[in-house]
Amino acid sequence: MKKRGIKWIASVTMGVMLMGGLLAGCGSAGDSKVIKIGAVYELTGGTATFGNSALNGAKLAVKEMNAKGGVLGKQVELAIADNKGEPSEATNAMTKVINQDKVVAVTGFTTSSNAIAASTVAESNGIPFITAAATNPKVTVDEKTGEVKKNIFRVCFIDPFQGTVGANFVLNSLKAKKAVVLIDNSSDYSKGLAQFFKEAFTKGGGELVGEEAYLQKDQDFKTILTKIKSSNPDVIYVPGYYEEVGKIIKQARELDIKAAFVGGDGWDSPKLLEIAGAPALNNTYFTNHYSVEDTSPASKAFVDAYKKEYNETPDAMAVLGYDAANVMMDAIKRANSEDPAKIRDALASTKDFAAVTGKITLNDKHDAVKGAVIIEFKDGKQSYRETVNP
């Protein structure tokens with residue numbers, strides 16, 4: 001009797017579990033009235049202006065798409081999570097949107113270290129993930145194996161291109177021959193971009209007269225800058241994020257360092273001007289994904305819509321967030337399915353997608369093939385300088 005009772009209880013328990021599974025299936029993505037896409041961004045922390053701008057762009061893209069009837073006859077819903085600008089929090093946020101919010105795909109991330117960490121979660125769960133602005137090659141390619149990550153994509157250019165563009169601009173446009181590189185040693189983005197700049201700069205005939213390092217959240221850079229001043233460089237290349245870059249440039253000018261400063265897309269934040277001050281930013285330049293001075297019809301339409309929605313002018317991160325969301329929604333349409341594997345395959349075949357930042361084609365490493373712009377600061381205002389294509 002006891003054995004039979006145990007078997008009967010086990011049988012009933014299994015039946016209840018199976019029924020629970022069937023009921024849970026009724027709430028799956030395919031049967032829902034909405035399509036959920038994750039939007040994981042740096043909403044707090046040291047790069048919060050990036051994440052909030054990009055999220056605003058993503059929200060606008062979804063709002064416009066829903067007004068046109070949505071995707072596959074359903075409204076699109078963003079499951080938003082804050083990665084707090086930290087790799088450990090990035091994995092937590094990615095895990096949340098996948099396991100709790102049950103998204104079919106994820107967009108997000110503006111910084112490389114966070115995107116690299118989170119990509120392992122998306123990859124292991126088979127969820128397609130397209131980053132808006134993480135530019136380090138290791139985001140889409142596994143550093144250990146050299147294999148392309150099957151589910152990971154991006155709508156931005158990558159640092160080998162950005163670093164080369166920066167170096168060639170320094171050599172050819174600024175006519176600078178001696179450079180010092182100042183690297184954020186706590187950032188994959190900064191270390192990678194510095195490496196590619198140095199390679200291109202020396203190959204082009206430039207001379208590296210110094211290399212120094214700092215860490216995120218450092219406040220006082222005057223000891224390093226005094227050492228740099230003694231080497232008398234023509235240009236100081238700082239591939240960092242706006243919080244530290246603003247302090248570095250401000251303190252450099254206080255030390256009467258007149259050299260040009262050049263950096264990457266990590267500079268693009270209103271906070272940079274707030275921290276450094278307009279006079280200090282004269283004779284500074286950075287490579288970026290987009291200029292608001294772009295006069296194309298797509299750019300004008302986006303800028304007008306963004307200003308109407310948020311009462312402010314968009315920056316490059318806002319545009320990239322918008323483009324990433326639209327590329328993902330286009331892939332879901334072309335897949336004609338909410339199956340993550342089919343969405344992933346559609347993303348991989350993206351070609352000549354008409355984005356605000358230009359036509360986007362994803363190559364065999366899942367990177368966007370597109371140009372870069374050079375932005376110059378003039379009296380505190382960003383000014384378009386030139387465009388460089390691959």
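According to an unreviewed UniProt entry, the feature "domain: Leucine-binding protein" sits at residues 35-380. In this predicted model, the span is 43% helix and 19% strand, and its end C-alpha atoms are 42 Å apart. Confidence averages a pLDDT of 92 over the protein, with 92% of the residues scoring at least 70. Residues 1-29 are another story: pLDDT there is below 50, and the stretch has six contacts in the model beyond near neighbours in sequence.

Now for the helix pairs. Two packed helices are described by the angle between their axes and the distance between the axes. Take helix H5 (residues 159-173) and helix H6 (residues 188-203), which pack at about 45° with their axes 7 Å apart. That angle makes H5 oblique to H6. The two meet in a right-handed crossing. On the H5 side, the residues involved include Pro 160, Ala 167, Val 170 and Leu 171, while H6 brings, among others, Tyr 189, Phe 196, Phe 197 and Phe 201. Sorted by class, this contact has ten nonpolar, four polar and one charged residues.

H11 makes the contact through Val 327, Met 328, Ala 331, Ile 332, Arg 334 and Ala 335, and H12 through Lys 342, Ile 343, Ala 346 and Leu 347.

Note on methods: Residues numbered from 1 in each chain as written. Predicted model: local features only at pLDDT ≥ 70, side-chain atom pairs only at ≥ 80, totals over all residues. Heavy atoms only, no water. Contact = heavy atoms within 4.5 Å. Helix = DSSP H or I, 4+ residues; strand = E, 2+ residues; numbered from the N terminus. pLDDT = per-residue confidence, 0-100. UniProt positions renumbered as here; feature names shortened; annotations may be inferred. Axes fitted to C-alpha atoms, helices over the stretch in contact; angles between N-to-C directions. Parallel < 35°, antiparallel > 145°, perpendicular 65-115°, else oblique. Left-handed = near helix turned anticlockwise from the far one by under 90°. Nonpolar A, V, L, I, M, F, W, Y, C, P; charged D, E, K, R; others polar.
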